[in-house]
Amino acid sequence: MILSFTDDYSFGLLIGFVCILIAFFAMMKETDDLHRLLLTDVIEIIALVIIALIGTDLAEALILPGLVVGIAEILALAEIYIEKEGLVKTPENFLKIEIMDTAPGILSAIMLIYGVILSGFTGGAVAGLGLLFYFLCRGSQKKTQILETISGYAWVCWVVAFIVFMTIPQYWFFAVMLAGTGIFAKVAAKMTIVGTMRGNRDV
Amino acid sequence: MYELENINIEGQVVTFIPFGDIVGYLTPYTAILFIFAAVFTIIALISKPEKQVDIAFGGDAYYTKNVSVKQMRFQRFMAAACGLATMGGVLSGDVFNFTLFTAMVGITNIGIVASIKNRHILDNAYEYGILAMVGTLPLFAGAAIIVATTGTLSMWILFTPLVTVPLVAKLLLVIGVLAEGMAPVYVAKAEITRAPGAPFILMVHVSSLVLFLRVIEIVISM
Amino acid sequence: MSIIRKVSKILQNQNNLVRVYSLLVIFVIIIGIATLPLISYNENQLYPKSVDMKSPLNPYDRGGEPFEKAEVKAQYPENSRYLGYVTAYLTPFSLFISYNTLYAGTTIVSHPGGIIDEILYNTRGLDTIIETSILFIAFAIAMFLFRRNEKE
C-alpha cells in the first residue's frame, strides 16, 4: 500500500502513532511494577511529541503544562510505589569528600546569583541546583519545610499575577514581574525538595 | 459577544467567563453538572469520615478501624481539590484547558485513595495511578490533533458546523477521560471503596461521572 | 464458559486493567492510522512561528521593541489588549545580550516577558494555574506519604 501524504504533518503524525503503538504494546506485555512506571514516562514523552508537531508558539506553551503533569504524576506514583513495597531502607554511607565541606557556601551563592540573573524557568532550575548542592553538603532537617512554604508563596504569586492580567491588564508589567518571580521561586524550591527527599538524616 | 451555534444538546449559553483565550461558559446542561459537583464537594467538606467495623467470625470480637486526623485532613483536602477540578472542567470552554482539569481530577483521585495505609488498597491505587498517567497521552494527543487540524482550541469555534474535527481526535479525548476519571473501571473502584473514609471516596465517583457526561457533550457537539 | 463469564473473568482482575486499556488505545490508534489521509494540517494557526536567522533572539523572535506593542495573533485579542507589550518586553540584561551577540535566543532564557510568557501567563494563564496546581497536589501526595513514613 502506498500512502500519499497531504503534508508533513500527516507524516509526522503517522510516526507518532507508530510510536504510541509500540509504547502501549510494551505496556501491555510488561508485568513488573517498576518497569511499568518507567514505561509511563516513555508514553508521556510521546504525548509531548504529538503536541510539538503543531509547530507554533502555541505548541511551546502547551508543552510546558504537558511536561509538568507527567513529572507530577510520576513523582506521586513513585512515592506510592515506595510506600507499597515498603522500601524505606536508608543509605548507610553517604559520599564524603573534602570539597563538600569547603565549597557549598560559595558555589551555591554563585549559582543562586546566576539563577537570579537568568530568571524565569531556567533561572529557577539553576538556583534550585545551587540550593540542592548546599543542602546535600550541609544536611537539612527543618530547612525543607521553609522551602515548602516558599513554594506555596510562589504559587500564590503566580495566581495573583494571573488575576492582575485578567482584571487590570494595564498593569501588565507588574504581573509579568510577579509571574517571573513566582516561577523562579517555585522551580528552585521544588527542585531542592525533590533532591533532598530521601528519608535520611544527612540528605 | 460569544454565541454557541450548536445548541442541540446543551441549550443557550447562560453566562460566560473570559480568561484571555480561554472563555468558560455555563449552559443549562453544564449548569446542572456544575451544581451536582458543587453539592457533593460541600458534602465531602462538612461530613465526618465513616468508621468501618470489622467483625471477627466465630466470636463476639469486633474492632473499629481508626482514621487519624492527619489522614482525614489530607483526604478532605484532596476531595475538595477534586471537586474544584471537576467544576473547572465543567466550566471550561477550551479543549486543552479541559484536558488539564481532567488530568487534575485524575491525580486528586490517586491522592484520595493512596492516603490509606493498606497494602491491598495501595496496590490498586498504584494500578489506577498507572492508568491515570497513561491516560494523559490520549488526552493531550487528542487536543493537539484538534489544534493542528482546525487551528483553534476554543469550543466556541469548534462547535460551529463549519469546523470538522477528525474522528480519531474525538475518540482519543473520550478514552483519555475514561482513564483519568476511571468511569467504567468499576473493578478497581470496588477495591478502592473498601477503604475507610466514605464521603471522600464518593468524590472519585462524582468526578468521573460528571467529567464523562461533559466529554460526551463536547465530542458530540464538535 | 459463556463469553460474558470469560470477559468478566479478565476484567475482574485489577492487574489486567492497564492491559485492557492499552488494547483500547491500540485499537483507537489503528483507527487513527486508517483515517490518516483525512487529516490535514490547518495553515491558519494561532501564534504562528517564523524563524529569522538574522535576529539575535532567533528562534524566539516574536517582533516588537520593549514597551512597544508587537503583533500577536491570539484567539480573542479583545480579552487581552496588552498582549503585544508582554510579548515585546525583555529584561535589561537580556536586552544587553541581544544587542551584543547573535545568540541570546539559544540560551532559552525565559526572562519575564521573554520567550512565550504572554501565552503562558496571559492568554492561556488558566492553563498554567492548573498546571501548577497539579504539581502542588502531586507534591502534597508525595510529602504526605513521605512524612508518614518518617514518623513511624
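## Ground rules

Helices (H or I, at least four residues) and strands (E, at least two) are taken here as DSSP runs, numbered from the N terminus. By that scheme, Ile43(A) sits in helix H2 (residues 33–52) of chain A, and we will come back to this residue at the end.

This is a predicted model, in which local features need pLDDT of at least 70 and side-chain atom pairs count only at pLDDT 80 or more, while totals for chains, interfaces and linings use all residues. Residues are numbered from 1 along each chain as its sequence is written, chains are lettered from A and ligands numbered from 1 in the order in which they are written, and side-chain values use heavy atoms, with hydrogens and water left out.

## Where chain C meets chain A

Let's start with chains C and A. The contact (heavy atoms within 4.5 Å) draws on 62 residues of chain C and 67 residues of chain A. Together the two chains bury about 6300 Å², with 74% of it on carbon and sulfur atoms; buried area is the accessible area (1.4 Å probe) that two parts lose on being put together, summed over both. Tyr41(C), Tyr121(C) and Phe139(C) provide 11% of the area that chain C buries against chain A, more than any other three residues.

No salt bridges turn up across this interface, the rule being a side-chain nitrogen of Lys or Arg within 4 Å of a carboxyl oxygen of Asp or Glu. On the side of chain C that touches chain A, the elements giving two or more residues are helices H2 (17–34), H3 (83–88), H5 (117–123) and H6 (125–151) of chain C. H6(C) gives the most, with 21 residues.

## Where chain B meets chain C

Here 58 residues of chain B are in contact with 48 residues of chain C. About 4300 Å² is buried between chain B and chain C, 70% of it on carbon and sulfur atoms. This interface has one salt bridge, and you can find it between the side chains of Asp94(B) and Arg124(C), at 2.7 Å from N to O. Helix H3 (residues 95–114) of chain B supplies the largest share of the side of chain B that touches chain C, namely 10 residues.

## Back to Ile43(A)

Ile43(A) counts as buried because its relative accessibility is 1%, where buried means under 20% relative accessible area, exposed over 50% and partly exposed in between (1.4 Å probe, protein chains only). Leaving aside neighbours within four places in sequence, Ile43(A) is in contact with Ala23(A), Phe24(A), Met27(A), Val134(B) and Leu137(B).
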